[in-house]
Amino acid sequence: MSVDALTVNGLQKSFGNNHVLRGVDLSLAPGTVTVLMGANGAGKSTLVKVICGQHAVDGGTLSLMDQPFAPTDAADAIRQGVVTVHQSIDDGVIPDLDVANNLMLDRLVDPRHGLFVRERALRAEAAKVAAAMGIEVDLRKRVSDLNVADRQMIAIARAMARAPKVLILDEPTSSLSATEADRLFALIDRLRAQGVAILYISHRMSDIRRIADRIIVMRDGAISGAFNSKPLDYEAAVTAMLGHQMTDVDVAVQRGISPVLQLADLRLHTLAAPINMTVCGGEVVAIVGLLGSGKSKLAEVLFGLSQPTDGSITINGQRYEPKSVEDAIKNGVFMSPKDRGANAVIPAFDIADNMTLPFLKTLSVGSFVTAQKQRSRTREMISRLGIVCQSPSDGIGTLSGGNQQKVMIGRWLMEPAKVLLLDEPFQGVDIGARRDIGRHIRSTAAGRATVAFMAEIDEALEIADRIIVLHESAVAGEHANQDIDLAALVADISGSVAAPTGAQT
Amino acid sequence: MSDRLLDFAIRYGFLILLVGLIVYFSAAAPGFFGPLSAAFVLQSVAITGILALGVTCTLVVGGFDLSIGAVATSALMLSAYSMVILEHPALVAVILCLCMGALVGLINGLLIVKFRVPDLLATLGMMFLLIGLQRIPTQGNSIATGMTLTDGSVAEGTFSASFLWLGRHRIDLFIERLLPMPVVIFISIALVIWLFLGFTRHGRLMYAIGSNERAAGLVGTPVNRYKITAYMISGVTASIGGILLAARLGRGDIASGNNLLLDSVAAALIGFAVLGAARPNAFGTAIGALFVGILLQGMTMMNAPYYTQDFVKGAVLVAALVFTFYLSSRRSGAGH
């Protein structure tokens, strides 16, 4: 057995009170692809940033080829042979320069390079690197004119030009098409054969099946599962990633009375299987699935942000074809979006203005906002949801994440909805606020169809009457939230039923 | 304790400074304190103030309008062209100018919203275009009654009395013929914009767009429509400024209005500091314009040379910006 390329021992990292990494142990062997899985917030990105020198460690040790490894910054990590290709590719390439310059960028940064660029030598060198990596694009093309996959190849090729010992790829396929991803996998196979230790971060099952030699699973800042020998147990990996210790929330399952929201043969994109589902009034349905399962796309379609390629949606029997958000809201379809910082919070506003934003019209006389009505309605919602604050005129930024999310959800409870969509309603929310929000959504569910889009099983178990699993833009399973068969649910999520060939790599 | 002091300084610092300035000039420069002097200050800031109120609307939606100065001078030339050369009555000239302003605002808005041109660049381009355009009909000459046209004839039209009334009439208030019309118009526009931005739901939604455009869109705000509206308001107010300038000058002077853009942008930015708003607001903009006017008037009466004026304006602007951004960032930093 050869020396491990990278070993991580008891790694600790905190940001303020937030203990992100709680003693992570990890080792990467040369010539193997280790897949790192974990849900959002599990600590994957932090782990990567520590390894690639962007964050200093709080505790624990790193070693590279049996030598202590303590990079002072990202450049130092690269010098020592740990190279990272980050999730957003555009951080890794300079779009306005051509391919050759991008490949040779490190050479240009080198202070020994001299003042003037020797164009011919640079191109010759770049051609060599490109050939070694199997890149077949015109070296004179600007990177901004290339597609995502080619850009990614270039970022990786540049990384490989340094002959690294460890290569970290952070969700490299998140914006690639299937054929583009195949080219990436071919490149990874080649690098594996060259003896590079590869850490591959992803939660796309199809990628993982294709390239994983080992799987390491993170959850809540610690390793929750390691699968070292083939055949790899993908279902167990997903279980370790999502966790499903039963929560102590009792859901009194409602059957729902009459259908409100109905999807008939809805296709999210041209190649997807048609989706059929019905959500009844008074019912809370959770739609779960991994990243890329079509959850977000379905939410967007229902809220008028994008159009389905085929099929129809009806609400209370009426055809519903939203062309815009305004359209959706007019039809009584409200959505609390995921990632509230980017999509929901108005940082310059106080609680009252944030809360009442969608329905200012009903709080206005003529066009003038009646501040008094606005405050009293806000105060009412503050007490209903148990938002911890001084007054409705507190700035939204002074609230904790959980309380901010309560404001964002409360915003859409101000008026009765026909269909309420909640995209990751528990994202960045502490457990107390999560219970409050869940309880309130369930207690107000009568009279509307509620659909929650979530990645985590235990969140879904806490809020839903029924769980519908999406996998590759199709319904993979449906479970009433009563004596639920968790193994079957996890199998649906990981797609092992839909794709039985996945067991071999 | 020091937190509360800081808070107080951020809120009232600028207004206290303004009062201090008035007290100082009143003591140091005889004749500074009085209705006539006040009317003079107001008149000196009325037109820049009107332009600044328009640019405030574009700042609210997170944009910027560099074309306001050029819109104002275009309105100046257009009104002169319309009355002197085309011999239109005053009403037609005014309506033409307002429509021109609205159209320029619409084009700015469409460039930004539909063609995705960044706001600074779109309005910079528009500024250039208008500066050039306004010179073409008269081959780069100023317009005045009696000028010779290209076909050899003489321009017979005149600025009508009712048009000049807009710029030159003074309303009796305490003293006979005290308050000039442009000041009345400035104050009225300030009131309307203040009510619109601060108290209507449209204003609220525009602030929401400026703060987080995506979030505003996801609650159903027609973001593009509001942005275009903001640029149209800016265009119309700028054309009103140009009309008043023409009415005051009484001729289509090609060289006037050079400083309008910078002065009005400065007033709007100084307005960020008023009452610790740290964001564009109509009241602040009006106070910002007044602040500059009072400072310049006082200095002039104390015999400071005219060529120091721009330097003083710049210094006030930089101070106000530091005040806004540095102090408020410290305050919000202390909040956590």
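The dialogue below asks why features of this predicted model carry the labels they do.

Biologist: How are residues and chains labelled, and what confidence is required?

Modeller: Residues count from 1 along each chain as its sequence is written, chains are lettered from A and ligands numbered from 1 in the order written. Because this is a predicted model, local features need pLDDT of at least 70 and side-chain atom pairs count only at pLDDT 80 or more, while totals for chains, interfaces and linings use all residues; side-chain values use heavy atoms, without hydrogens and water.

Biologist: What makes A:R319 and A:E321 a salt bridge?

Modeller: A salt bridge needs a side-chain nitrogen of Lys or Arg within 4 Å of a carboxyl oxygen of Asp or Glu. The closest N and O atoms of A:R319 and A:E321 are 3.2 Å apart, so the pair qualifies. By this rule there are 28 salt bridges over all chains.

Biologist: What does the salt bridge between A:R375 and A:D350 tie together?

Modeller: The closest N and O atoms of this pair are 3.7 Å apart. A:R375 lies in helix 14 (residues 371-385) of chain A, and A:D350 in the loop between helix 12 (340-343) and helix 13 (351-356) of chain A, so the pair ties together parts that are 25 residues apart in sequence. Here helices are DSSP runs of H or I with at least four residues, strands are runs of E with at least two, and both are numbered from the N terminus. A:D350 is buried at 13%, and A:R375 is partly exposed at 25%.

Biologist: Where do A:E380 and A:R384 lie?

Modeller: Both lie in helix 14 of chain A, 4 residues apart, about one turn of the helix.

Biologist: How do you know which strands pair with strand 14 of chain A?

Modeller: Two strands pair if DSSP finds at least two bridges between them. Strand 11 (residues 259-267) and strand 14 (residues 310-315) of chain A share 5 bridges and run antiparallel, so they pair. Strand 14 and strand 15 (residues 318-319) of chain A share 2 bridges, also antiparallel, so they pair too. A:T314 stands opposite A:Q262 and has A:R319 as its bridge partner in strand 15. Strands 14 and 15 form a hairpin with 2 residues between them, and A:N316 in the turn has a positive phi of about 50°.

Biologist: Why are strand 2 and strand 5 of chain A called edge strands?

Modeller: The open sheet has 4 strands in the order 2-1-4-5 (chain A), with antiparallel pairing. Strand 2 (18-28) and strand 5 (67-68) each pair on one side only.

Biologist: What makes a nonpolar core, and how many residues has the largest?

Modeller: A nonpolar core is a set of buried Ala, Val, Leu, Ile, Met, Phe, Trp, Tyr and Cys residues joined through side-chain atoms within 4.5 Å. The largest has 241 residues; A:L103 and A:L261 are among those with the most contacts inside it. Its largest share, 13 residues, comes from helix 2 (residues 35-60) of chain B. A second, separate core of 26 residues includes A:L11 and A:V82.

Conventions
Buried means under 20% relative accessible area, exposed over 50%, partly exposed in between (1.4 Å probe, protein chains only).
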